[in-house]
Amino acid sequence: MNQREKERYLREYALLKQEGKPFFPYAVAKDGAMAAVVMLSIILMSLFLGAELGPKADPTTTTYSPRPEWYFFFLFELLKIIKPANLVPLATIGIPTICMILLFLLPFYDRNPERRPERRPIATTAGIFVILAMGYLTYEGAHAGAPTQIDMETPTTLVAAGGPVLEQFETGKQVVAQSGCQACHIIGENGNDGPGPPLTDIATRLPKQAISRTLVNPTAPMPSYKALQESEPEKFDAMVTFLSQLK
Ligand code: HEC
């Protein structure tokens, strides 16, 4: 803002102040009335609609898919997009903090007296970009696959083969998805990248026998799935068959 603009602004401000009404009681009464309406709506809504508690927590569930509230989906998605482990603090703490600081400092670096959006191309573009980015991330976060899910196309050769081969592949995929492997392994688009190696193309590195051996007799921290092999051998076999086709 240059000297002339400043003077004009101060003149307009003095004029408006002269003809205006004092904050107390006019503005205070207005705000108070609106606050009362909001409070009353909340009280009436809680009296007549109530809040749902949802089902009781079940500590034995293996299919629970933890999700944040919808207004945190954009952060959730941001965290998902940023894969390297050493960049995770940047996504969770860094970017939101930088945005908050930028917002806090806005009056200091944006001294433009203009108020019309079309006369403030940079601020308008930045604002639209932020809204679009958050909207997109929220949408993607809302549609993210569950951690107990593997979004992997079944190979066309298997689909063509059909029958028991295809069935075993699908069963194996389900067993892997529900056995908690993705807490430590990434499979295609799903799961965590570590501490275990990605399993997306495990078959190119390990033959079927070796995969089976790893599951029964793994190196820590990977848990052994020997109990599964003993109690439900078909499930175990399906899991090994599924893994031995990932290439
Ligand atoms: C607590 C974390 C954890 C869980 C859960 C886990 N793993 Fe692992 N897994 C690891 C780690 C760590 C390694 C690497 C061990 C090593 O290098 O010897 C590994 C290695 C493997 C390997 C050998 C990979 C290679 O490239 O040599 C396979 C196959 C495997 N895991 C499959 C599975 C499957 C299938 C499940 C679920 C049924 C599972 N893992 C669950 C941590 C885990």
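Pro221 sits in the loop that runs between H9 and H10. In this predicted model, the peptide bond leading from Ala220 into Pro221 is cis, its omega being near 10 degrees. Most peptide bonds are trans.

A cis peptide bond also joins Phe24 and Pro25, where omega is about 10 degrees. Pro25 is placed in a helix, namely H2, which covers residues 23–48.

For six octahedral donors, the ideal angles at a metal are 90 or 180 degrees.

His185 and Met222 are 37 residues apart and link distant parts of the chain. His185 belongs to the loop between helix H8 (163–178) and strand E1 (186–187), whereas Met222 belongs to the loop between helix H9 (208–216) and helix H10 (226–231).

Are these two residues buried or exposed, or in between? His185 has a relative accessibility of 10% and therefore counts as buried, the cut-off being under 20%.

## Secondary structure and domains

The protein chain contains 11 helices and two strands. Along the sequence, the elements follow the pattern α-α-α-α-α-α-α-α-β-β-α-α-α.

The chain is divided into domain 1 (1–51), domain 2 (63–144) and domain 3 (156–243). The centres of domain 2 and domain 3, taken over C-alpha atoms, are separated by 37 Å.

## Overall dimensions and packing

How is the protein chain spread out relative to a compact globule? Its radius of gyration is 29 Å, while the globule rule gives 18 Å for 247 residues; the value is well over the rule, so the chain is more spread out than a compact globule. Taken along the principal axes, the C-alpha atoms fill a box of roughly 85 × 50 × 40 Å.

Of the 247 residues, 20% count as buried. The accessible surface of the protein chain comes to about 18,700 Å², and carbon and sulfur atoms contribute 65% of this area. Among contacts with a separation of 6 or more, 57% are between residues 24 or more positions apart.

Methods. Residues numbered from 1 in each chain as written. Predicted model: local features only at pLDDT ≥ 70, side-chain atom pairs only at ≥ 80, totals over all residues. Heavy atoms only, no water. Helix = DSSP H or I, 4+ residues; strand = E, 2+ residues; numbered from the N terminus. Buried < 20%, exposed > 50% of the residue type's maximum accessible area, 1.4 Å probe, protein only. Domains from an automatic or database assignment. Rg over C-alpha atoms; globule rule 2.2 N^0.38 Å. Contact = heavy atoms within 4.5 Å. Areas by Shrake-Rupley, 256 points an atom, 1.4 Å probe, with all protein chains shown as cover.
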